[in-house]
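This report examines selected features of one protein model.

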Amino acid sequence: MKKMLSILFAVLFCGGIASAQSDVESTTYLKKGMEVPEFSVQMLDGKTLHSSELEGKVVLVNFWATWCPPCRKEFTRLQKDIVDRFAGRDFVLLPVSVDDDADTVRKFMEKNGYTFPVAFDGGKKLYGMFAGKYVPRNFIIGKDGKIAFQTVGYTPDEFDEMVKGIEALLK
């Protein structure tokens, strides 16, 4: 009986993982190798960023929210491991908040001392071009304008792989 319960648990657990992976896959609209369509997004400072300004650069589009614990963990690494590391190179970090209120995002940035530019996508228009659900989500766009790498969620190891991927694209 104990063995049967163990087998049943394993089947249900693995089935749940497969289902979650399938859900992530089906809600990822821009996949590796696909060209990123033209877009524009409102920055917190009120300016509008157009994708044409990013041409010829490696871009990390980071979809996040202030209410998301994994997003907040990932955010602690952005300044040192991304912004500072790739400063002066053909690289742009584009963190895009999917929060409902821009003031909440401003307060979060100020409270935590983050000074890098952030986009606000409260209507999830830009997010909806890339994905259907789940944050954090990262999409690395190569200099050719195509998706080179993507992640869902946050783990330190996956973040390290993403940093290596950016480094490789900048060589």
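One aromatic cluster is formed by Phe39, Phe63, Tyr127, Phe130 and Phe139 in this predicted model. Rings of Phe, Tyr and Trp (its six-membered ring) are taken to pair if their centres lie within 6.5 Å; planes under 30 degrees apart count as stacked, over 60 as edge-to-face and the rest as tilted. The whole structure contains 14 aromatic pairs. One of them, Phe63 with Phe139, is edge-to-face, at 6.2 Å centre to centre and 80° between the planes. This pair links distant parts of the chain, with Phe63 in strand 3 and Phe139 in strand 6 (residues 137–141), 76 residues apart. Helices (H or I, at least four residues) and strands (E, at least two) are DSSP runs, numbered from the N terminus. Both Phe63 and Phe139 are buried; buried means under 20% relative accessible area, exposed over 50%, and partly exposed in between (1.4 Å probe, protein chains only).

Phe63 also belongs to the largest nonpolar core, which has 51 residues; Phe63, Ile82, Leu94, Met109, Phe130 and Ile166 touch the most other members. Strand 3 supplies the largest share of this core, six residues. Such a core is a set of buried Ala, Val, Leu, Ile, Met, Phe, Trp, Tyr and Cys residues joined through side-chain atoms within 4.5 Å. Leaving aside neighbours within four places in sequence, the contacts of Phe130 (heavy atoms within 4.5 Å) include Thr27, Tyr29, Val61, Phe63, Phe139 and Ile147.

Which residues of helix 3 (residues 102–112) are buried? They are Ala102, Val105, Phe108 and Met109. These residues lie on the same side of helix 3 because they cover an arc of only 120° around the axis, the arc being that of the directions from the helix axis to the C-beta atoms. On the other side of helix 3, Lys107, Glu110 and Lys111 are exposed. The cover over the buried residues of helix 3 includes strand 3 (58–64), helix 2 (69–84), strand 4 (91–97) and strand 5 (119–120). Gly113 follows helix 3 and has a positive phi, near 75°.

The structure holds one disulfide, defined as a pair of cysteine sulfur atoms within 2.5 Å. Cys68 and Cys71 form it, with their sulfur atoms 2.5 Å apart. The link of Cys68 and Cys71 is right-handed, with 75° about the S-S bond, and Cys68 and Cys71 are both buried.

A cis peptide bond joins Val135 and Pro136, with omega about 0°. Pro136 lies in the loop between helix 4 (125–130) and strand 6.

The predictor's confidence in each residue, pLDDT, runs from 0 to 100. The protein averages a pLDDT of 89, and 88% of the residues score at least 70. Over residues 5–20, pLDDT stays under 50, and the model has zero contacts there beyond four places in sequence.

Residues are numbered from 1 along each chain as its sequence is written, and side-chain values use heavy atoms, with hydrogens and water left out. In this predicted model, local features need pLDDT of at least 70 and side-chain atom pairs count only at pLDDT 80 or more, whereas totals for chains, interfaces and linings use all residues.
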